[in-house]
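Please look through the sequence and the model below before reading on. The paragraphs that follow take one part at a time.

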Amino acid sequence: MARINPGFTKELKSFGAFDVNACYNCGNCTAVCSLSDEDNSFPRKMVRLSVLGLDNEIKTSLEPWLCYYCGECSMTCPREAEPGELMMSLRRWLIAGYDWTGLSGLLYRSLSATLTAFVLLVAGVIWFAAAQDFSIESLLHTGHYFEMFAIAGVFTFILLPNIFRMWLFTVHDKNVKIPVKTYFKTLGELFVHMFTQKRTLGCDDSKTRWLEHLILVISYLMLLFTTVFLDWFGTQNPFIIAIGYIESAAIFIITMLFVTERFRKKTEVSKHSHPSDWLFVVWLSLMGLTAFFVRLFIDMDILENNVWLYIVHLIILVQWALIIVPFGKWTHFLYRSFAMWFLRLKK
Ligand code: SF4
Ligand code: SF4
């Protein structure tokens, strides 16, 4: 028999802004959703499961990841139940459930916990810089190695086990064996969705949004590669230097467009901004901006007299790598792509 969690909608409320109890089950939302189909019909089903407190059914479902938040359903809901925002809240709730450390749930629910974590990292970086006598050479060296080890550590100890848990909840079934070769045969699905996010194009009027996201994903991944593997801050190669400038500028410009959109609240997508949404766009924007100026100061030979700039960049980098990437909105990028692969496997 299905387990019922009577406090589920209350629990879910701390992950977003919606009013599922207003829903009278008309089905308009599902009818207008261009990503919903016979096999995966949403968002009404998710609204019903939430109202009924069937949290286990939601935990084992991939449907919240199939919604790309165009907001069409919220605009047409006659009861203003905000089904699009419910889908977004379910994704945050799922992220908290996949995360074995429990930190995602804590940070999503508590702004004060998030701010405390941010402040602690500020103190940690300043303490470290002071211990290095604010030597720019030593700080640049540490920053470079921090990026490498942070990527490897976060991926190995947090993201990989969380993806395994997602697989356990959504794909694993004792009675159905998926052959190993099927995993390999369908693996392309994961990378195609990870790099192109092409499912966004299925939403109406989404070409600009898709293009902005595509530029952002490519610039972000390339800047990561340029700084970690091509040592952007240390290189003298003019081609690598120029590429880094373009990537960091692109990140700053696109994220500033997103920040402006969230301030203006003109679209459904930007109407409700959770603190995790703000942190994601603002920190990514600051990363692009500070990286750009650090390299510019190196080229102008004035970074040594402005160590504070690199310390600010390092603080943003550390907060990004240790909070936003493993526990915040960044994980959407990962889980969405895995959801598409898992869906293909289940089929
Ligand atoms: S459109 Fe609104 S009221 Fe109708 S089923 Fe969807 S959420 Fe409920
Ligand atoms: S926000 Fe858009 S994609 Fe998501 S359920 Fe609503 S209509 Fe579908």
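**Around glutamine 319**

Leaving aside residues up to four places away in sequence, glutamine 319 is in contact (heavy atoms within 4.5 Å) with Phe118, Leu121, Val122, Trp283 and Ile324. This is a predicted model, in which local features need pLDDT of at least 70 and side-chain atom pairs count only at pLDDT 80 or more, while totals for chains, interfaces and linings use all residues. Residues are numbered from 1 along each chain as its sequence is written, chains are lettered from A and ligands numbered from 1 in the order in which they are written, and side-chain values use heavy atoms, with hydrogens and water left out.

Glutamine 319 belongs to helix α17, which covers residues 307–327, helices being DSSP runs of H or I with at least four residues, numbered from the N terminus. With a relative accessible area of 3%, glutamine 319 is buried, a word that stands for under 20% relative accessible area, computed with a 1.4 Å probe on protein chains only. A polar atom of the glutamine 319 side chain lies 3.1 Å from the backbone oxygen of phenylalanine 118.

Helix α7 takes in residues 83–98, and its 16 residues reach 22 Å from the first C-alpha to the last, close to the 22 Å expected at 1.5 Å a residue, where the expected span is 1.5 Å times one less than the number of residues. Of these 16 residues, 15 are buried.

Ligand 1 has 13 residues around it, of which Cys23, Cys26, Gly27, Cys29 and Cys77 come nearest; a residue is near when one of its heavy atoms lies within 4 Å. The residues surrounding ligand 2 include Cys33, Cys67, Cys70, Cys73 and Gly84.

Key:
Helices (H or I, at least four residues) and strands (E, at least two) are DSSP runs, numbered from the N terminus. Buried means under 20% relative accessible area, exposed over 50%, partly exposed in between (1.4 Å probe, protein chains only). A polar contact is a pair of N or O atoms within 3.5 Å; within protein, one must be able to donate a hydrogen and the other to accept it, and residues adjacent in sequence count only if both atoms are side-chain atoms.
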